[in-house]
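Hi,

Here is the structure I promised to pass on.

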Amino acid sequence: MHEKERHRIILSAVQEKPVVTVPELVELTDSSEATIRRDIAALHVQKRLRRVRGGAEAINPPQFVGLAGRPFSVNEGLHAREKQAIAKEAVALCEDGEPIIINGGTTTFQMVHFLANRRMQVFTNSFPIAEHLLKHSKNTVMLSGGTIYREQNIILSPFDNDVTRNFYARRMFMGAQGLGPLGLMEADPLLIQAEQKLIDQADELVVLVDSSKFHRRSSLILCGLKRIATVITDSGIEDRHAAMLEGAGVNLVIAKAKPVVDMESASSPA
């Protein structure tokens, strides 16, 4: 990851919580601890954040603490090619006229590009998904009611009267913080509460996760593997994780991302 991209992720992360630790930034950027410490030092000198013991904080800390987990802006750039391929396979499962639920997330957001020429009834709690479909497709769109959480770009409500219970879906498409033997995992109790209501409204649950999510864990379990009908992931999935899904009776779809073309090599004479 280039320095400019690392700095963007670090600055975004420090706006989401009082203090972001070096290990958290190492995981976010897939960089070494030494690299992150140099980045923090450089951004501190530039007065773009404040270096603190073990991590960094924003110069002007956020007044409102959002949901736990990575913000949408950070997640959007991670595993982008894999997410697009996964989303394409997800839309291939849909038939025109079907009612579907698309839960907010950066992988599910990629579905909007492949829904452009479809005619679906879409219920979502994602403001960006709804906005894009309204502008660039003929799909019918319904939004859930509640508070818009800017960092994750989703709409959540702790109340039952948020119109969720009034929508039936053939399938629900969603991502997750992590996926393991105990099932789908999320990082925030409010997310769990809202997503469980959505899951109850769909016949089938389709999970869209890149292969890195099989290595991530959280303290909160959303649902067990038995509730999942299909998992769509990339070719980086390990055999043991594929066997775990097979053992639970989950259908596994492997999405093949387009390879990155090395333009310098491609333009060199043979």
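First, the ground rules. This is a predicted model, so local features need pLDDT of at least 70 and side-chain atom pairs count only at pLDDT 80 or more, while totals for chains, interfaces and linings use all residues. Residues are numbered from 1 along each chain as its sequence is written, and side-chain values use heavy atoms, with hydrogens and water left out.

On confidence: the protein averages a pLDDT (the predictor's confidence in each residue, from 0 to 100) of 85, and 86% of the residues score at least 70. The stretch to watch is 260–270, where pLDDT stays under 50. For those residues the model has two contacts (heavy atoms within 4.5 Å) beyond four places in sequence.

Now the sheet. Helices (H or I, at least four residues) and strands (E, at least two) are DSSP runs, numbered from the N terminus, and two strands pair if DSSP finds at least two bridges between them. Three strands make an open sheet, ordered β10-β11-β13, with antiparallel pairing. β10 (178–180) and β13 (220–223) are at the edges with a single partner strand each, so one side of each has no neighbour in the sheet. On average, neighbouring strands here are turned by 40° against each other, direction ignored. (Axes are lines fitted to C-alpha atoms, for helices over the stretch in contact, and angles run from 0 to 180 degrees between N-to-C directions.)

β10 and β11 form a hairpin with two residues between them, and three bridges join the two strands. L184 has C223 of β13 as its bridge partner.

What packs on this sheet? Helix α9 (residues 189–199) does, touching β11 and β13, and its direction makes about 10° with that of β13. Eight of the 11 residues of α9 are buried (under 20% relative accessible area; exposed is over 50%, partly exposed in between, with a 1.4 Å probe and protein chains only), so α9 is largely enclosed by the rest of the structure. Among the buried residues are L190, L191 and I192, but also the charged E195 and K197.

Then there is a helix pair at the other end of the numbering. The axes of α1 (residues 3–13) and α3 (residues 33–45) come within 11 Å and cross at roughly 75°. That makes the two roughly perpendicular (65 to 115 degrees; under 35 is roughly parallel, over 145 roughly antiparallel, the rest oblique). From α1, E3, R6, H7, I10 and L11 meet T35, I36, D39 and L43 of α3. These residues divide into four nonpolar, two polar and three charged (Ala, Val, Leu, Ile, Met, Phe, Trp, Tyr, Cys and Pro count as nonpolar, Asp, Glu, Lys and Arg as charged, the others, Gly among them, as polar).

Most residues other than glycine have a negative phi. D30, in the loop between α2 (22–29) and α3, has a phi near 55°, and D30 is exposed at 72% relative accessible area. K47, in the loop between α3 and β2 (50–52), has a positive phi of about 60°. K47 also counts as exposed, at 68% relative accessibility.
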